[in-house]
Amino acid sequence: MDGKHGNPEGGHLVSRRKVIAALGAMGVTAVAGGLGLNGWGGSAVAAAAGEEGDCELCALAVAYGVDRAQLQYWAASLPAANGDYFAYNNNGVLEMWRAQGSTTLGGSPNVTANMERVVQVSVGISSTEAGIVASLVQNRAAKVASQIVQIQNPIKLPSLSTLSGESAGIAFIGTKSNVKHAIKKTTNNAVTITNYETGETATIDCLLYIDPFWIDGIVFPEGHFPQKVILEKLALQGAGPTVGQYGLYIEQGGVVSVRDVDIIGFEHAVYTKDGWLSVYERVHAFGKFTIRNGTSHTFNNCWTGGNGGFDFNGVKYSVMNGCASDHSTNTAYRFAYSYFTLNGCGCEGSSTSVSDSGTALAFDGNNIITLNNFNIVSFSTDVIPLISVGANDTITFNGGKFDFTQTNAPDLFVHGSGSTVVFNDTVFQNGTRHQPLIQFKPGVQNSKVIVRFGDNERIYSPASSGTAPLVDAMKDNGTFMPGLEFGGQQTGITYSSRSGYWYKLGNTIHMYGTIELSSLGTATGPALISGFPVIPKHKAALNFLYSSQAPGQLIGIFDQVEYARLYVRGTPSDVLATHSDFSSTSILHFEASFVLL
């Protein structure tokens with residue numbers, strides 16, 4: 001049968017009063033008070049005589065270790081009564097069932113009235129709000145049935161408790177979702193939550209919240225903080241997303257484990273005001289992951305989309321592995337006063353309406369963040385920077401790729417002073433650029449962006465006016481094509497080989513070149529070598545390592561121009577070299593080094 005009609009799941013049906021009376025007949029004369037929904041306690045035998053206790057407390061009494069077969073024997077021998085019933089299902093697990101509405105249950109174990117499973121005593125399976133709450137209170141564990149379980153009020157999760165389901169229940173793709181089963185909050189009912197360490201209170205509209213009560217009733221440093229709540233294989237659904245509504249709310253607590261949980265319909269999928277040593281794994285949500293203070297948080301393969309995003313403020317030494325955000329409207333990742341490492345994370349198609357904020361990453365100040373192989377996919381029509389950096393940020397990108405990057409806005413916008421951003425071997429605009437497009441907000445001081453790729457290094461800094469940066473290639477290299485001229489002409493000159501290589505290290509330029517002629521041509525006049533990539537700011541020498549025409553006798557002089565005039569050393573003075581000092585087979589090897597000051 002379907003468990004809704006007749007004998008639930010084929011089990012043996014006994015009434016609540018029978019169970020209590022059977023316990024009394026077996027010598028169980030007292031049931032601990034204060035644990036049921038109504039806090040009832042007292043004599044089990046007296047309850048059988050007519051006192052009304054609450055059903056969840058009966059379930060707790062049954063769980064005291066009484067032999068099941070003996071309990072069934074005693075219960076079956078007692079008169080039937082109306083009310084709530086216990087039944088053993090086909091797996092031999094005791095369950096409690098409650099009549100729906102005002103249906104009256106008959107005196108036969110094989111009743112045909114509509115019934116609703118309230119709680120499975122052994123493992124806490126439930127399909128109602130009351131059953132979930134009762135099982136958490138009594139067993140510190142509850143298991144939710146794979147269906148839409150509607151609730152009206154926030155559910156409190158005690159320390160050292162587990163709330164689980166049979167599987168995650170929401171399918172996501174892009175901005176779309178399909179809810180198969182979930183705990184669904186249908187109201188905006190709120191709860192007043194007290195931070196027992198500070199005494200502050202807050203009224204919170206949430207679906208789940210961790211009980212902020214310290215386990216010993218004593219706060220720091222003597223007491224034990226709220227801790228060790230486990231959520232797994234669940235789906236949470238809100239009525240929203242309503243502003244200020246939360247899927248899971250943590251006022252204070254640590255060692256929280258959230259795994260394989262889907263969340264939808266809340267502004268904040270997860271909100272932690274003060275937390276530590278917690279793990280979020282395969283949590284998928286439409287809604288923000290928000291943490292306001294704490295340490296040692298780990299996010300593994302978490303995903304957020306739509307109105308979501310990751311928003312961390314005051315979170316120290318924490319890590320994200322393989323996380324992603326799709327089409328977030330609130331910036332995909334936002335950090336302030338946080339120390340994080342991100343490994344293999346990324347985002348697609350994010351946006352924002354916040355001033356001075358990047359669409360993919362917003363570093364709002366005083367962060368130390370390392371991003372390893374971070375990937376951004378954006379749209380070519382975007383006009384907002386991908387990344388924004390505030391004041392006193394230290395941000396390091398190692399590897400990573402910015403795919404389909406927009407051409408209408410910079411990759412990076414620095415709006416705060418005293419920040420350093422480093423890109424190590426990162427590629428931009430779908431791999432076509434090794435240098436980012438950078439802007440500095442006017443007035444920014446003492447901020448810099450260091451871009452390293454291979455053997456190259458450039459430093460970008462704010463200019464005295466405008467948003468375009470100053471660029472200083474601290475470590476760079478390249479090639480050039482030198483040429484020989486006579487009287488400023490190259491008429492008829494041909495080469496069997498010519499090449500040039502240069503590199504920059506700090507403020508020093510080093511250049512090496514080779515020219516091998518195959519024809520001297522018809523040009524006449526003073527000789528010079530042109531085509532050098534850098535102009536010295538002061539006079540500098542071009543030294544010849546080898547010259548087939550006048551070994552050891554040639555020298556070149558740069559005079560703040562892109563070419564070097566050639567001289568033949570002589571006594572009492574050097575003289576300008578001319579076409580007559582060369583032949584159609586001349587070979588020249590030369591080098592120059594000078595400081596750019």
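Predicted model: local features only at pLDDT ≥ 70, side-chain atom pairs only at ≥ 80, totals over all residues.
**View 1. The largest pocket and the residues around its centre.** Welcome to the largest pocket, which holds about 300 Å³ of space. Its lining is made up of 14 residues, and those closest to the centre are Arg 140, Lys 156, Pro 158, Ser 159 and Asp 211.

**View 2. Elements and residue classes in the lining of the largest pocket.** Two elements, α5 (129-139) and β8 (155-157), each give two or more residues to this lining. Which of the elements gives the most? That is α5, with 3 residues. Sorted by class, the lining of the largest pocket comprises 10 nonpolar residues, 3 charged residues and 1 polar residue.

**View 3. The largest cavity and the residues around its centre.** Here we turn to the cavities, of which the model has 5 of 30 Å³ or more. The volume of the largest cavity is about 60 Å³. Its lining counts 13 residues, with Val 144, Ala 145, His 181, Leu 234 and Ala 235 closest to the centre.

**View 4. Elements and residue classes in the lining of the largest cavity.** Follow the strands β12 (182-185) and β15 (230-250) here, as each supplies at least two residues of the lining. The largest share belongs to β15, which provides 3 residues. How do the lining residues of the largest cavity divide by class? There are 6 nonpolar, 5 polar and 2 charged residues.

How values were computed. Residues numbered from 1 in each chain as written. Heavy atoms only, no water. 1 Å grid on protein atoms, 1.4 Å probe; cavity = no way out; pocket = protein on both sides within 12 Å on 5 of 7 lines; lining within 4 Å. Points joined across faces, edges and corners; volume = space filled by probe spheres on them. Helix = DSSP H or I, 4+ residues; strand = E, 2+ residues; numbered from the N terminus. Nonpolar A, V, L, I, M, F, W, Y, C, P; charged D, E, K, R; others polar.
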